[in-house]
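Some notes on the model follow, as numbered points. Please read them alongside the coordinates.

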Amino acid sequence: MTTKPLKRQREPDDDDVVSTACSSAETASTTILDLPTELIEYICCCDSLKLIDVFNLAVSHSKLNNCLFHERNSCLWKSKFIQKYGPLDSEEYEVVIDKKSTWKDEIMLRLKLDKAVPAEIIQMPSRYMKLKNVPYHVYPFGQYLNSENEGHRYYILSATLSYYKQLQSNECRYSNLDLLYAAHQFLIYSCQVYFGYKLSNFLSLPPAEQIVERGFHFLGRWWCPTVNTLYRDINKSLNNIAINVYNRIHLTNPAHPLFEYEDCLKQVIERGKYNINHDLFNETSTMIILETMRQIIFSDEQLVCYCNHDLNCFLLQQVIDRRKGSVFLLCVIFESVARRLGVKVRLTATSVHNFVSWSSSWPGNKHKKPTCYLVDIANGGVMRKATVCPVSGKLPEHFKANSIVDLFWVFSKTVEQLTVENISTYKYVLDFQKLLKPDDSEVEFKYQKFHQYYDYCQCPLLRNPSNPSAPNHVDEKNIMYTDWEEIFPSIPKTRGEKHDPKYAIGMMIDIIAMGNGSCSSIVTKRGIVVGWTRVPSNNPLPNPTVYHVLVRPDHYTTAKYLNPVIKAIWEGRYEKLQRQLKPYEYNFKNIGKFFTHFSHELGIFMPINDLAQLYPDDLSYTISKSSNLDYKVKPFTGPHVVPKY
């Protein structure tokens, strides 16, 4: 082994040492402040830097503050907006960027509303306690919810939904019934406004741009606000069904013209974004597609649901996920999948059934009058020839048109029958019908009758022509409780007198009708005390106190579906009051309007702070009585205790 001789290195002279030292000093003194603005901005766009890091960096030095916060339309703020709130989805909302609104403005506004919305909801229980209903013009953030900028409307809805989900997922949600109730009410309002605008804009589009599944997605969000389904999820589900059909055809018939192009699968996905004017393939090839669709979509025997109580059967995403639902939405799914595969079918509504009709519309078809088929969705997608009038060319008993408005109308009439016992959803259906046909006399009659009979606010999108930018509810009547001055006194009601009330705020009481002779006593009502009023001492009542109790309405057939009301009750010759300790029948939602949670130790619903201050001695009275209880309420939670939202 040979080795190379080591060469002696030159000793550095003094000038080299000085030069190297100066260079090192200059390098060490270079910081981020010495970088150009563009490079600083580029560094801050990295995903590893969160929005809070950018804020902290900006406040650390005036140059960084000027560099970052004065670049109004830079890509920095757009990148941080996407980083915090996810990819931009034009199907969900549009962010308008112009001279008046920049990405910096948008992210600052959204951050502000993310904090402001929960703060407002926290104040709602005390602010609206005295109101029987909260008229929509009283709610906050009207300038954003009714803004021309769709993004600003969405920011309110998003912040509300986020806070609502936070309350539901919180381990202490059973202790925040007041906040959950307020968030639920404001979510309904903001969702109706946001998707009401979406529906209105959708209906104003040219028919060629009205994608049927998109319209029914908006409609589902309109009358079921708490079901948070994104349109992209529906679109993805329908694409997956179309891809399954595509793969099945490719396996059994690889020569099908569906596969003529290299990017044919990409085209299947793209056709979900627009309507087609005619079939893309001849009659034989199209029949193969329809038959394969039948095999894929109707593989389950129990696909069609004829129930009249499950709203999930009328929500598009739920029908897709459960593979079970109403015939109408199964028709919508069939049309959507067929369009992606290049087949133009029509949703056909008759007075008896809902079908999908198809006749070859391929431009190269030699038949002037091709055979018309009905795809019987209710019977597993079986195709049969339809009898068409030779003069009009229409199906028997066919409606005059199959526009989106017609389809919406028929669907709303179907859901109306379903929800007649679910009053809150029934209200949304009537609101939609009013929005759809504002001049229809039958709709107007039902709408007015409903709002005279039930305690609900009117549709927030119905406008006064003289003031189109704000909800027309300023003149709404009966928004205060009938005895609100007695229930919510200006001067707090204290105890310590001769005839103190026997029951306190938050106690549950049964109203018992005393039987005569052999008739046994029965419980006619159950309620929760929200207030009490002393009766003058000369009153002959054995217990001279009137209790204001949150109970269900008297309407027997639909009472369990209605908003609870406050009724004045008292003990008399034929009615007795008795305290109840087990909260079985108290799962109505309005509990959260006045109470925060159920106390198992005291056997009462704990009032919100503003209500407790009006009856300052009631809590100590309840505590003194709790020691005398024969047994304590067993700690349990469930649907019979906690209101469902």
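1. N149 is in contact (heavy atoms within 4.5 Å) with E94, V96 and E106, leaving aside its neighbours within four places in sequence. N149 sits in the loop between α7 (142-145) and α8 (150-169); helices here are DSSP runs of H or I, at least four residues, numbered from the N terminus. N149 is buried, with a relative accessible area of 10% (buried means under 20%, with a 1.4 Å probe and protein chains only). A polar atom of its side chain lies 2.9 Å from the backbone nitrogen of G151.

2. On conventions: this is a predicted model, in which local features need pLDDT of at least 70 and side-chain atom pairs count only at pLDDT 80 or more, while totals for chains, interfaces and linings use all residues. Residues are numbered from 1 along each chain as its sequence is written, and side-chain values use heavy atoms, with hydrogens and water left out.

3. The largest nonpolar core has 135 residues (a core is a set of buried Ala, Val, Leu, Ile, Met, Phe, Trp, Tyr and Cys residues joined through side-chain atoms within 4.5 Å). Helix α9 (residues 177-203) gives the most to this core, with 15 residues. Domain 1 (33-203) and domain 2 (231-402) both contribute residues, so the core lies between them; the domain bounds come from an automatic or database assignment.

4. M293 is among the residues with the most contacts inside that core. Beyond four places in sequence, M293 is in contact with V245, F298, F334, V337, A338 and L341. Another core, of 36 residues, lies apart from the largest one and includes M508, V529, Y547 and I569.

Note on methods. Buried < 20%, exposed > 50% of the residue type's maximum accessible area, 1.4 Å probe, protein only. Helix = DSSP H or I, 4+ residues; strand = E, 2+ residues; numbered from the N terminus. Polar contact = N/O pair within 3.5 Å; in protein donor to acceptor, adjacent residues only side chain to side chain.
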